[in-house]
Amino acid sequence: MVELHCHLDGSLRFNTLQKLAARQGKPIPIPREVGFHRGMSLQTALKKFQLTLSVLQQPKAVTRVAREICQDAELTGVHSLEIRFAPQLHCGASIDRIVDAAIDGLDSNANLILCGLYGEPPEILSTLVDVAKTRPRVVGIDLAGGPLPTHKWSMFDYIEPFELARKHGIGRTVHAAEGRSPKEIEVAINFLHAQRIGHGTTILEDQKVVDLVREKNVVLEACITSNVHTSVIDNFGDHPIKEWIKQDIPVSICADNTLMSNTDLSVEIMNTKYFCGLTEKDLQKTYNWGRQALFRR
């Protein structure tokens, strides 16, 4: 199995979260304080990361969590893994040191994607590209989170760092159309040179965007449990992945955040098969698309 969309700060083990908190003299988290639940908004879900980030400020903690994510992924049958995170949010060391700490935790089957965040100055993404240029284990960049009307910068303001990434052969993925307009996908592909799209749930609302995704062979990273939790879709079976496959829209099934959504890739695949009515042939297509979409340096 291939996992294209796994957030480091949303996929640590719960007992590791507790141990890191205790070691750092912070309040010990309890289960009801952690994780997503059905009916949340995306912005409410994003605030949940404040807790996990609070114990992941130092390089050693980042290394430990990256290593454990790799171990857990291997146990669930994942043979190729891309872990993404925003090193600029881990303030216990420089961005370079935090990225190197994450690399130190990777096994031979895993690589990194560095995330800029909607609303951040574009210069931050440019810095991440500069870090990635000299580190082959950093295979991609991402624009993560979600846009808000109050943000100073729009998607178009991130063109320069994404063009720089393309110039240096660094992969590009963008969180887009996560319950929002499918026009975000069009902008991500045409202006940010996105090769993959995180979520993309509303793509079927615009045939022009569907045609563009197929023409460019852009792969959608489907994170269905996450979409239920953040109210992008009402129920697991409401996700349009079956129709995507029918219309030959490339898609790979992903877990997004194993801790936050209490899931893993094997569970996501099982639930997608059962609730969305995917056949073995459908699943094989998603596996093939996922393998083809892995970022390589």
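Elements first: helices (H or I, at least four residues) and strands (E, at least two) are DSSP runs, numbered from the N terminus. Residues are numbered from 1 along each chain as its sequence is written. This is a predicted model, in which local features need pLDDT of at least 70, side-chain atom pairs count only at pLDDT 80 or more, and totals for chains, interfaces and linings use all residues; side-chain values use heavy atoms, with hydrogens and water left out.

Now the spaces. Rolling a probe the size of a water molecule over the atoms shows where empty space is left. The search runs on a 1 Å grid over the protein atoms alone: a cavity is a set of points where a 1.4 Å probe fits but cannot get out, while a pocket is an open set with protein on both sides within 12 Å along at least five of seven lines. Lining residues have an atom within 4 Å of a point. Grid points are joined across faces, edges and corners, and a volume is the space filled by probe spheres set on the points.

The largest pocket has a volume of about 580 Å³. It is lined by 28 residues, and the closest to its centre are Leu46, Phe49, Leu117, Ala144 and Gly145. Helices α2 (42–47) and α3 (49–54) and strand β3 each supply at least two residues of that lining. The largest share, 5 residues, comes from α2. For residue classes, Ala, Val, Leu, Ile, Met, Phe, Trp, Tyr, Cys and Pro count as nonpolar, Asp, Glu, Lys and Arg as charged, and the others, Gly among them, as polar. On that scheme the lining of the largest pocket divides into 13 nonpolar, 11 polar and 4 charged residues.

The second largest pocket holds about 280 Å³ of space. Of its 19 lining residues, Ser11, Asp72, Thr258, Thr263 and Asp264 are the closest to the centre. At least two residues each come from β1 (2–7) and α4 (59–75), with α4 giving the largest share, 3 residues. By class, this lining has 10 nonpolar, 5 polar and 4 charged residues.

How many cavities of 30 Å³ or more does the structure hold? There are 2. The largest cavity has a volume of about 70 Å³, and its lining consists of Met1, Val2, Ser252, Ile253, Leu265, Ile269, Thr286, Tyr287 and Gly290. The classes here are 6 nonpolar, 3 polar and no charged residues.

The second largest cavity comes to about 40 Å³. Lining it are Cys70, Ala73, Glu74, Val78, His79, Ser80, Leu81, Asp107 and Asn109. Two or more residues are given by α4 and by β2 (80–85), and α4 gives the most, with 3 residues. Its lining divides into 4 nonpolar, 3 polar and 2 charged residues.

A disulfide is a covalent bond between the sulfur atoms of two cysteines; the test applied is a pair of cysteine sulfur atoms within 2.5 Å. The structure holds 0 disulfides. For Cys70, the nearest cysteine sulfur is that of Cys6, 8.6 Å away. For Cys115, the nearest is again that of Cys6, at 11 Å.

Burial is judged by relative accessible area: buried means under 20%, exposed over 50%, partly exposed in between (1.4 Å probe, protein chains only). Cys70 counts as buried because its relative accessibility is 3%, and Cys115 because its value is 2%.

Helix α6 (residues 122–133) has 12 residues and reaches 17 Å from its first C-alpha to its last. That is close to the expected 16 Å, the expected span being 1.5 Å times one less than the number of residues. Its buried residues are Pro122, Leu125, Ser126, Leu128, Val129, Val131 and Ala132. The cover over them includes α5 (95–105), β3 (110–117), β4 (138–144) and α7 (159–167).

Last, Asn227, which lies in helix α10 (residues 224–229). Is Asn227 buried or exposed? Asn227 counts as buried because its relative accessibility is 0%. Leaving aside neighbours within four places in sequence, Asn227 is in contact (heavy atoms within 4.5 Å) with Glu178, His199, Thr201, Val232, Ile233 and His239.
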